[in-house]
Every structure is written in structure tokens, then in C-alpha cells.
Amino acid sequence: MARPPLYDDALRDRLLDATAMMVDEKGPERISLRDIAQNAGTSTSAVYSLYGGKTELLVAVIEHGFASFGDAQAAAEPQGLRTLGLAYREWAMANPALYRLMFGGGVATEDCRPDDATMSTAMAPLVRALAARVDESEVMAAALTVWAQVHGAVSLELAGVTPPIVPWDSVYGAVVDAVERAFPAR
């Protein structure tokens with residue numbers, strides 16, 4: 001009897017990376033599991049064994065993105081609110097395909113939505129940082145306000161819709177400075 005193939009973490013990572021890049025380049029409807037498997041140097045059997053199908057693979061990619069993003073935010077949390085904002089941009093610039101997949105709406109269906117715990121964990125460092133700055137009843141509204149500000153700036157930068165002379169480091173610095181002023185430490 002033949003032994004079933006073993007799939008390691010490196011293969012999982014290659015599949016997640018290949019899927020994010022391909023969805024970013026072509027859109028989810030224009031890629032197949034065969035294309036993804038070929039790009040990752042494996043077979044469609046591996047994709048089905050590891051993830052079940054295309055929808056499950058897309059969810060895994062998005063959850064992987066939120067986990068990676070959450071890790072970056074957790075690492076920045078001890079340095080405070082401004083550093084969380086800077087870490088947001090740094091992660092997005094290092095992972096543009098994942099960022100666009102997570103936030104671009106290209107696969108925003110109920111089937112492809114990560115679970116609430118995954119998203120909450122990613123947002124938890126920001127919520128904790130703001131809990132020390134605003135009343136408890138205002139924490140979530142403050143977190144969404146901050147997220148919208150940093151997300152908007154990063155999304156504009158990644159979209160490349162501004163003149164090439166825009167000094168993004170300065171622009172983004174002004175955004176996180178405005179966040180700090182809006183939610184001063186108590």
C-alpha cells in the first residue's frame with residue numbers, strides 16, 4: 001500500500017503566497033487551482049488535501065494575512081499608538097498582495113470571510129492601545145477611526161493614484177501624528 005504524500009509547512013506557505021500573488025494579479029475568478037498548484041510547484045491533489053478547494057484556500061490566505069498582520073501589530077504594541085500606525089504601513093508595504101486581498105473586496109463573500117476571532121486578534125493591539133486613551137464606551141469607534149485613517153493613506157500609496165512626487169514617508173508621518181493628536185495619552 002502506498003503511503004500518502006506528506007505536505008509540510010513550506011508547501012503550505014508556497015500555496016498561500018502563490019494564491020495571494022495570483023489573486024492580486026488576475027482576480028480570484030481568473031485563477032484555477034491547477035494554476036495555483038503549478039505556480040507553487042505542487043499538484044492540485046496537494047491543494048485539495050490541505051485546503052479542500054478554492055474557497056477554503058482563499059479563506060486560508062486571508063486568515064494567514066490577518067495572522068501575519070496581527071503578529072506585526074502585537075510586536076509594535078509596546079511602543080504605543082504611533083508605532084502601531086507605522087507598523088501597519090510597514091506590513092502593508094512588505095505584503096501588498098495580501099493587503100489588497102484582505103482589504104480590497106475582491107473575494108469579499110460570506111464564503112471567503114475569515115472568522116471573527118481571526119480579525120479580532122489582528123485588531124486587538126490597536127483596541128488595547130486606545131483603551132488607555134479614551135473612555136471604554138468609545139474604544140471601538142476610536143479604533144475604527146484610527147484604522148480608517150491609516151488604511152486610507154496606505155491604500156492610496158499602494159494604489160499609486162497620486163503624483164510620483166508625493167513624499168509618502170512625510171504624508172504617512174503626518175497621518176500618524178494626527179492620530180496621536182486626536183487620541184492623546186491620558
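Residues are numbered from 1 along each chain as its sequence is written, and side-chain values use heavy atoms, without hydrogens and water. In this predicted model, local features need pLDDT of at least 70 and side-chain atom pairs count only at pLDDT 80 or more, while totals for chains, interfaces and linings use all residues.

**Exercise 1.** Find where Arg133 sits, then decide: is Arg133 buried or exposed?

*Solution.* Start with the location: Arg133 lies in the loop between α7 (116-131) and α8 (139-159); helices here are DSSP runs of H or I, at least four residues, numbered from the N terminus. Next, look at accessibility. The relative accessible area of Arg133 is 16%, so Arg133 is buried (buried is under 20%, exposed over 50%, partly exposed in between, with a 1.4 Å probe and protein chains only). Finally, check its surroundings: beyond neighbours within four places in sequence, Arg133 touches residues including Leu81, Glu180 and Phe183, where contact means heavy atoms within 4.5 Å.

**Exercise 2.** Work out how the axes of α4 and α7 are arranged: at roughly what angle do they cross?

*Solution.* Take helix α4 (residues 54-76) first: its axis comes within 8 Å of that of α7, and the two cross at roughly 20 degrees. Axes are lines fitted to C-alpha atoms, for helices over the stretch in contact, and angles run from 0 to 180 degrees between N-to-C directions. That makes α4 roughly parallel to α7 (under 35 degrees; over 145 is roughly antiparallel, 65 to 115 roughly perpendicular, the rest oblique). Now find the residues that meet: among them are Phe66 and Phe69 in α4, and Met119 and Ala122 in α7.
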